[in-house]
Amino acid sequence: VGRLTPPEGNGDLMYVTHGGAISGLAFAPKSKLLLSVGWDDKLFITENSQVQMNPLSLAAQPNAVGAGGEVAVVGTVQGLYVLRGKSLGDLITTSYTPQAVCVSKDDKTVYVGGADCKIYIYSVSGLSLSQSAIIDGGHLKPIHSLRLSNDGTKLASADLRDVCIFDL
C-alpha cells in the first residue's frame with residue numbers, strides 16, 4: 001500500500017484526475033486494477049499504483065461501479081458498461097436508471113439496483129450481459145447500495161430508508 005505513482009512526465013498528476021465529482025470506486029483483485037468513475041463521464045484505471053494517462057470515455061454520466069474478480073460493471077444514467085481487464089464493452093441501454101452495482105467474486109453474476117426500486121440480476125458473457133431475474137417489492141425508494149456476503153449466498157440492498165437482505 002502506498003501513494004499512487006504519477007505517470008512519467010506528469011509529476012503533479014495534472015490532467016490525470018476527474019474533472020468533477022467521483023461517483024464510484026472499485027477494485028478488481030484478479031486484474032489488480034483500481035477503477036474510478038466520475039461526473040466528467042470518464043473511467044480512470046490505476047494499475048500497479050500508477051494512474052493511466054488516458055481514461056476511458058463513457059457516453060453517459062456514471063452513477064456507480066462494481067467489480068468482481070476481473071470483471072467490472074459501470075452503471076450510468078443511460079445503462080451499463082462491462083469492463084473485463086482493460087477492455088470496455090459497448091453501452092448496454094436499460095429501461096431504468098442504474099444506481100448501484102455489485103458483481104459476484106466469480107464474475108458470473110451482476111446485481112444492479114435501479115431508481116425504479118427493483119434489483120436486476122444479469123449473467124455475464126464476455127463483455128455483454130443477459131438479464132436472468134428481477135427482484136421487485138423489496139424497496140419503496142431507489143436502491144443506492146448493493147453488497148454480496150463473502151460466501152455469495154446473501155445479497156444486501158439499501159435505499160435511503162431501508163436495508164433488505166435476500167437469500168440467494
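Strand β16 (residues 154–158) pairs with β17 in the antiparallel sense over 5 bridges; two strands count as paired if DSSP finds at least two bridges between them. Strands here are DSSP runs of E with at least two residues, helices are runs of H or I with at least four residues, and numbering goes from the N terminus.

These strands belong to an open sheet of 3 strands, ordered β15-β16-β17, with antiparallel pairing. Because β15 (145–148) and β17 (163–167) each have a single partner strand, they stand at the edges, and one side of each is left without a neighbour in the sheet. From one strand to the next, the twist averages 15 degrees, with axes taken as lines fitted to C-alpha atoms (for helices over the stretch in contact) and angles running from 0 to 180 degrees between N-to-C directions.

## About the model

This is a predicted model, in which local features need pLDDT of at least 70 and side-chain atom pairs count only at pLDDT 80 or more, while totals for chains, interfaces and linings use all residues. Residues are numbered from 1 along each chain as its sequence is written, and side-chain values use heavy atoms, with hydrogens and water left out.

## The protein as a whole

The protein has 0 helices and 17 strands. Its radius of gyration (taken over C-alpha atoms) is 16 Å, close to the 15 Å that the globule rule gives for 168 residues, so the protein is as compact as a globular protein of that length. That rule is 2.2 Å times the number of residues to the power 0.38. The C-alpha trace spans about 55 × 30 × 30 Å along its principal axes.

Of the 168 residues, 42% are buried. Buried means under 20% relative accessible area, exposed means over 50%, and partly exposed lies in between, using a 1.4 Å probe and protein chains only. Among contacts (heavy atoms within 4.5 Å) with a separation of 6 or more, 38% are between residues 24 or more positions apart.

## Two nonpolar cores

In soluble globular proteins, nonpolar side chains tend to be buried together. A nonpolar core here is a set of buried Ala, Val, Leu, Ile, Met, Phe, Trp, Tyr and Cys residues joined through side-chain atoms within 4.5 Å. The largest one has 14 residues, and V73, L80, V110, V112, Y122 and L129 have the most contacts inside it. At least two residues each come from β7 (71–76), β8 (79–84), β11 (98–103), β12 (109–114) and β13 (119–125), with β13 giving the largest share, 3 residues.

Neighbours within four places in sequence aside, V73 is in contact with A64, V65, G66, L80, Y81, V82, V101, V103 and V110. A second, separate core has 12 residues, including A26, L33, L43 and V74.

## Strand β7 and its partner

Strand β6 (residues 62–67) runs antiparallel to β7, and 5 bridges join them. The two form a hairpin through 3 residues, and V65 stands opposite V74 in β7.

T76 also lies in β7, and T76 is buried, with a relative accessible area of 0%. Apart from its neighbours within four places in sequence, T76 is in contact with A60, Q61, P62, N63, Y81, L91, T97 and P98.

## Strand β13 and a tyrosine pair

Strands β13 and β14 (residues 128–135) run antiparallel, joined by 7 bridges; I119 has I135 in β14 as its bridge partner. The hairpin they form has 2 residues between the strands, and G126 in the turn has a positive phi of about 65 degrees.

The structure holds 1 aromatic pair, where rings of Phe, Tyr and Trp (its six-membered ring) pair if their centres lie within 6.5 Å, and planes under 30 degrees apart count as stacked, over 60 as edge-to-face and the rest as tilted. The rings of Y96 and Y120 have centres 3.7 Å apart and planes at 0 degrees, so the pair is stacked. Y96 sits in the loop between β10 (92–93) and β11, whereas Y120 is in β13, 24 residues apart. Both Y96 and Y120 are buried.

## Two loop residues with positive phi

Most residues other than glycine have a negative phi. K32, in the loop between β1 (22–28) and β2 (33–38), has a positive phi near 55 degrees and counts as exposed at 54% relative accessibility. D41, in the loop between β2 and β3 (42–47), has a positive phi near 60 degrees and counts as partly exposed at 24%.
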